[in-house]
Amino acid sequence: MATAIADIEVIPLSDACGAEIRGVDLTKPLDGKTLKSIEQAWYDHLVIVFRDQDISNEDQVRFCRYFGDLEDVRTGKFANEEMRHTMMITNVTDTGFQTALENGDMWFHSDQCYYEFPCRASTLYAIEIPKVGGNTLFANCYAAWETLPASLREKLDGLKARNIYDYAGNPLKRGDNIDPDAPQYDHPVARTHPETGRKALYVNRLMTDIIHELSEQESDETLQKLFEHSEKPEFTYEHVWQVGDLVMWDNRCSMHARTDFDPGERRMMRRITVKGEDVR
Ligand code: OGA
Ligand code: MN
């Protein structure tokens, strides 16, 4: 039941990444041509934003399915079949949904980089937002990689880094107290995007612990340098949320972070992710 939809408009949101897509109503199924244009905009801009969408969980599921199979929620516990892929990212405790309780800021990261097959796409739909802050920053990791000195790229290309889901486990805070049972996986420092063929820097401040093949000291210094480089404003777009925004980002070539907000205010995002492929 494809609906006829006029050509979409793609409006870049920054020099780094991000584009708003206009002319799409996500409560309706998308036709093949519209979908192709959306997919191309996603590859070109890494992060796509649809404003003023009044979508149900089912609508978000349908949209995400165009991009691949969906992840089940990590806990494996969901209220009903319809919610098996859905997680609320929120600081609100009285929802009755499966939630990831999150308050305040969050450092740059790429979703599930600690798994063998990290999700390729993540979507967030804004249901409640604080008056100020709680913005999401997105960084273009192609640009971060491509602007490194050639000698450093040569040195790092082919090396692997360990990513750990233990937020105390990064080189800045690590100490000796990493949880050995925390989910973790080694991935290339520069990964190649399977659709665009471009390389993107794939280390992040929140979860990357060490670059193998380097001494611990050199790894710490190199990671620190890479974090500072990749988080520069020239590589980032800051998304200031409005209720009704649906944002989808590509975890293969971008990372994201959240700015602080007043814990007394409510923030609720509906999150669904699309399964990824092999990381090479
Ligand atoms: C996520 C995430 C950031 C935010 O859902 O993976 O990092 O702004 N969210 O809530
Ligand atoms: Mn995330």
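Predicted model: local features only at pLDDT ≥ 70, side-chain atom pairs only at ≥ 80, totals over all residues.
Good morning, colleagues. Let me begin with the protein as a whole. Its secondary structure comprises five helices and 17 strands. The radius of gyration is 19 Å, close to the 19 Å that the globule rule gives for 280 residues, so the protein is as compact as a globular protein of that length. Of the 280 residues, 54% are buried. Among contacts with a separation of 6 or more, 79% join residues 24 or more positions apart. The accessible surface comes to about 12600 Å², and carbon and sulfur atoms hold 48% of it.

I now turn to the sheet. Four strands form an open sheet in the order E6-E16-E8-E14, and their pairing is antiparallel. Which strands stand at the edges? They are E6, residues 106-109, and E14, residues 236-239; each has a single partner strand, so one side of each is left without a neighbour in the sheet. On average, neighbouring strands of this sheet are turned by 15 degrees against each other, direction ignored.

The pairing of E6 with E16 deserves a moment. Strand E16 covers residues 254-258, and two bridges join it to E6 in the antiparallel sense. Within this pair, Met-106 stands opposite Arg-258 of E16.

Which residues supply the protein donors of the manganese ion, ligand 2? They are His-109 through NE2, Asp-111 through OD and His-256 through NE2, and they lie 2.1 to 2.2 Å from the ion. Along the chain, the donors follow the spacing H-x1-D-x144-H. His-109 belongs to strand E6 and His-256 to strand E16, so the pair ties together parts that are 147 residues apart in sequence. Are these two histidines buried or exposed? Both His-109 and His-256 are buried.

For contrast, please look at Asp-15. Asp-15 sits in the loop between strand E1, residues 9-12, and strand E2, residues 19-22. Its relative accessible area is 84%, and as the threshold for exposed is over 50%, Asp-15 is exposed. From Asp-15 to Phe-67 the separation is 52 residues in sequence and 25 Å in space, C-alpha to C-alpha.

To close, I return to the site: the manganese ion has donors from His-109, Asp-111 and His-256, with His-109 in E6 and His-256 in E16. Thank you for your attention.

Notes
Residues numbered from 1 in each chain as written. Chains lettered and ligands numbered in written order. Heavy atoms only, no water. Pairing = 2+ DSSP bridges. Axes fitted to C-alpha atoms, helices over the stretch in contact; angles between N-to-C directions. Donors = N, O, S within 2.8 Å, 3.2 Å for Na, K, Ca; no water. Buried < 20%, exposed > 50% of the residue type's maximum accessible area, 1.4 Å probe, protein only. Rg over C-alpha atoms; globule rule 2.2 N^0.38 Å. Contact = heavy atoms within 4.5 Å. Areas by Shrake-Rupley, 256 points an atom, 1.4 Å probe, with all protein chains shown as cover.
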